[in-house]
There are 2 protein chains.
Amino acid sequence: MKKGNRYGLHRVLEPEGVLPQTADKIDNDMEIYDNEILIDVQTLNIDSASFTQIKNEAGGDEEKIKEKMKEIVDTKGKHQNPVTGSGGMLIGTVSKIGDALTDCKLKVGDRIATLVSLSLTPLKIKEIKEIHMDIDQVDIEGQAVLFETGIYAKLPEDMEDTLALALLDVAGAPAQTARLVNSGDTVLIIGAGGKSGMLCLHEAQKRAGISGKVIALCYNEKECQTVKSLDLADYIVQADATKPVEVLAKIEEITDGNLCDLVINNVNVPNTEMASILAAKDRGTIYFFSMATSFTKAALGAEGIGKDVEMIIGNGYCHNHAIISLEILRENKKLREIYTRLYT
Amino acid sequence: MKKGNRYGLHRVLEPEGVLPQTADKIDNDMEIYDNEILIDVQTLNIDSASFTQIKNEAGGDEEKIKEKMKEIVDTKGKHQNPVTGSGGMLIGTVSKIGDALTDCKLKVGDRIATLVSLSLTPLKIKEIKEIHMDIDQVDIEGQAVLFETGIYAKLPEDMEDTLALALLDVAGAPAQTARLVNSGDTVLIIGAGGKSGMLCLHEAQKRAGISGKVIALCYNEKECQTVKSLDLADYIVQADATKPVEVLAKIEEITDGNLCDLVINNVNVPNTEMASILAAKDRGTIYFFSMATSFTKAALGAEGIGKDVEMIIGNGYCHNHAIISLEILRENKKLREIYTRLYT
Ligand SMILES: NC(=O)c1ccc[n+]([C@@H]2O[C@H](COP(=O)([O-])OP(=O)(O)OC[C@H]3O[C@@H](n4cnc5c(N)ncnc54)[C@H](OP(=O)(O)O)[C@@H]3O)[C@@H](O)[C@H]2O)c1
Ligand SMILES: NC(=O)c1ccc[n+]([C@@H]2O[C@H](COP(=O)([O-])OP(=O)(O)OC[C@H]3O[C@@H](n4cnc5c(N)ncnc54)[C@H](OP(=O)(O)O)[C@@H]3O)[C@@H](O)[C@H]2O)c1
């Protein structure tokens, strides 16, 4: 077997000197290098923004969607949507493990989900078998390659694949919440009724403990009800996070003007930076998981109001994030029910 | 005097419910509210991106630049460039202090620099007196208002105004460096020969101490020489931070493969996220001061290579940042010489 680079640099075709994610084209030859893992792919879970774009371009026509997907992979060697830049994840079965991976905890035949983006994963599609329009999933016959630094999770035996996939997609958020929340903290979760928001609520309540305070901010009435039924928040606030002044007034009232030690932003819309910054106390922390966060709006916004807060960019990965998120649904039956109803 | 809101919400004209920075138009009537400070403006220090845009639009013609600047302020009530969205800072003399500001440490006649952006500062220009093309500064006759949350610094008596302004523009960076560096840390500063980079070097060396390691990465040979003459780095690396693979190789060599506890990014160009992420060790920290940082490139980039690092958005403000940065030039004679030569 040929010797590969940890980051998959050996597969970058053009331009030179960049990483596979930035590359326009990568090598998707399925003969693996000594530090790679070959996967027989079962299902692609296309990133929601990417799938919507392809669907629209194809006018909803299944055959055209298939053509477009194949064209992307033929051109780039990976399923990276040229318009949105985004990828997704996949599930499949380990079919070969490179010689150099002597510490690898996998064996041939294991079923795994890759936790790195499809936007950097060498992929070959032989046939597109079925498209599940409503959950952005596509069953295929094909193969993919995982690099040495590529992260993955074994699919659990006590959960449906679709449930595990939904969880793993946002696994970074609850795992970071577990790290950031200290006992006694006042924690605000913005977008608390969404997929990642509910998982963060669970971890926040667990870590803040009896002396802490968890505040859930939801946009619509229905999600407020859902969060209420979960019993994971001390306070539930219905508000629009793009309206900073409105949010501040409500959080000041709940916290007696003390504001929050930690604000976790899990929304999926732009312009919620200021509400997050205003809700945090002096020297508090804001964790932006939302991909709609603007770096400059956050940096200049905090400066503009002279607010000394630490603002963290939500890294999709942290150690043990898959284990932590899967465990949440084992710990919390009510959450599992809701999650199963909503996301499978 | 009328009662004002801490964030200056009482001055927002349109749209409603947003903060002054986001507003399209704010009220620049110079009758102050009870928590505001009135300033007789001496000089505007226009943000570099904004000034370049105005200069180009005006074809370098001084009269046209003046017209454009007045038009912006007449339309918006503040000097916020409609194309770049950015502002700048100003220096002037305190002319009136609101009744409610009983704790204010200023008195009428004090000379100050505002440390909040012009993009949220109510401003009225009576006359544009002189434009200093090469340092983006404009002398005017006019007035401005500082909100209760607006931050400022008294201009020091032992430094020229232009020197203090240059320092205060990037004061957040060295102050955050002082907080983030621990004794014994290996610290990489990317863009170390720039305005903010050199100040960060000073703080990093001071905090990392004899058991730490400070690595300065500069883009061009001349800045390598400048940094060398400052004697603030254990290692100086000449490299292009948009080439992650090249940077990683050099940092691995210097650190024996251990990489860095802290990476501080002070460049002024895009696409340097991956070099910063690769250079940090597992559980290391990256502080992005550069405004050219992309939130999604950082978040997805770290996930893509399975790297568990903390990534911080560079807040332009933190407590005592003005004092800290001014003090650096008092502590470090060599740095003051270079700074005076380059930025005044
Ligand atoms: N950093 C990473 O690595 C990473 C990884 C995965 C996902 N993400 C990002 O994380 C974010 C959340 O993902 P998700 O899967 O949890 O999304 P989601 O299930 O769609 O949840 C988003 C939530 O935000 C709420 N919301 C929308 N507009 C709002 C507003 N104006 N005010 C308050 N709440 C509002 C939504 O309410 P409605 O239902 O009423 O609209 C929903 O509850 C997305 O931006 C996604 O891109 C980041
Ligand atoms: N977060 C905040 O609140 C805040 C406040 C103020 C400023 N900023 C930002 O901070 C950044 C730095 O500001 P500054 O005033 O220190 O800028 P600066 O003096 O222009 O310094 C930038 C440095 O980056 C170097 N550089 C450019 N391209 C590079 C590359 N490809 N690889 C390595 N280095 C490269 C430059 O080298 P050359 O001279 O060779 O080009 C220069 O030394 C800017 O992005 C600015 O917008 C942020």
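## A patch of negative charge

D61(A), E62(A), E67(A) and E130(A) come together on the surface as a patch of negative charge. A patch here takes in residues with over 30% relative accessible area and no salt bridge, with like charges joined within 9 Å and nonpolar side chains (Val, Leu, Ile, Met, Phe, Trp, Tyr) joined within 5 Å. Asp and Glu count as negative, Lys and Arg as positive, and His and the chain ends are left out of the count. Each charge is placed at NZ of Lys, CZ of Arg, CG of Asp or CD of Glu.

Take D61(A): you'll find D61(A) in the loop between helix 1 (48–57) and helix 2 (62–76) of chain A. Helices (H or I, at least four residues) and strands (E, at least two) are DSSP runs, numbered from the N terminus. D61(A) counts as partly exposed because its relative accessibility is 32%. The classes go like this: buried is under 20% relative accessible area, exposed is over 50%, and partly exposed is in between (1.4 Å probe, protein chains only). The areas themselves come from the Shrake-Rupley method with a 1.4 Å probe, and for residues only the protein chains shown count as cover.

## What you're looking at

This is a predicted model, where local features need pLDDT of at least 70 and side-chain atom pairs count only at pLDDT 80 or more, while totals for chains, interfaces and linings use all residues. Residues are numbered from 1 along each chain as its sequence is written, chains are lettered from A and ligands numbered from 1 in the order in which they are written, and side-chain values use heavy atoms, with hydrogens and water left out.

## How the two chains relate

Turn chain B by 180 degrees, shift it 0.0 Å along the axis, and chain B lies on chain A with an RMSD of 0.0 Å. That is how a two-fold axis relates things. Which residue of chain B comes closest to the rotation axis? That's I312(B), with its C-alpha at 2.3 Å.

## Salt bridges

Across all chains, a search of the whole structure turns up 32 salt bridges. To count, a side-chain nitrogen of Lys or Arg has to be within 4 Å of a carboxyl oxygen of Asp or Glu. One of them joins K68(A) and E71(A), at 3.7 Å from N to O. These two are 3 residues apart in helix 2 of chain A, so about one helical turn separates K68(A) from E71(A). K68(A) is buried, at 14% relative accessible area, whereas E71(A) is partly exposed at 45%. E57(A) comes into the picture too: E57(A), K68(A) and E71(A) are linked in a network of salt bridges.

Over in helix 10 (residues 321–331) of chain A, E327(A) and R330(A) are 3 residues apart, or about one helical turn. Their side chains meet in a salt bridge at 3.3 Å, N to O. E327(A) is partly exposed at 34%, and R330(A) is partly exposed at 30%. In chain B, a salt bridge of 3.7 Å (N to O) joins the side chains of E63(B) and K66(B). This pair sits in helix 2 (residues 62–76) of chain B, 3 residues and about one helical turn apart. Is E63(B) buried or partly exposed? At 48% relative accessibility, E63(B) is partly exposed, while K66(B) counts as buried at 17%.

E14(A) and P15(A) are joined by a cis peptide bond, with omega about -10 degrees. P15(A) belongs to the loop between strand 1 (12–14) and strand 2 (25–26) of chain A. In chain B, a cis peptide bond joins E14(B) and P15(B), again with omega about -10 degrees, and P15(B) is in the loop between strand 1 (12–14) and strand 2 (25–26) of that chain.

R283(A) is a residue other than glycine with a positive phi, near 65 degrees; R283(A) lies in strand 13 (residues 280–288) of chain A. For R283(B), phi is near 65 degrees as well, and R283(B) is in strand 13 (residues 280–288) of chain B.

## Distances along and across

L248(A) sits in helix 7 (residues 244–254) of chain A and is buried, at 9% relative accessibility. Along the sequence L248(A) and A275(A) are 27 residues apart, and their C-alpha atoms are 6.7 Å apart in space.

H202(B), in helix 5 (residues 195–208) of chain B, is buried at 8%. How many Å separate the C-alpha atoms of H202(B) and E127(B)? It's 40 Å, for two residues 75 apart along the chain.

Notes. Least-squares fit on C-alpha atoms with pLDDT ≥ 70 in both.
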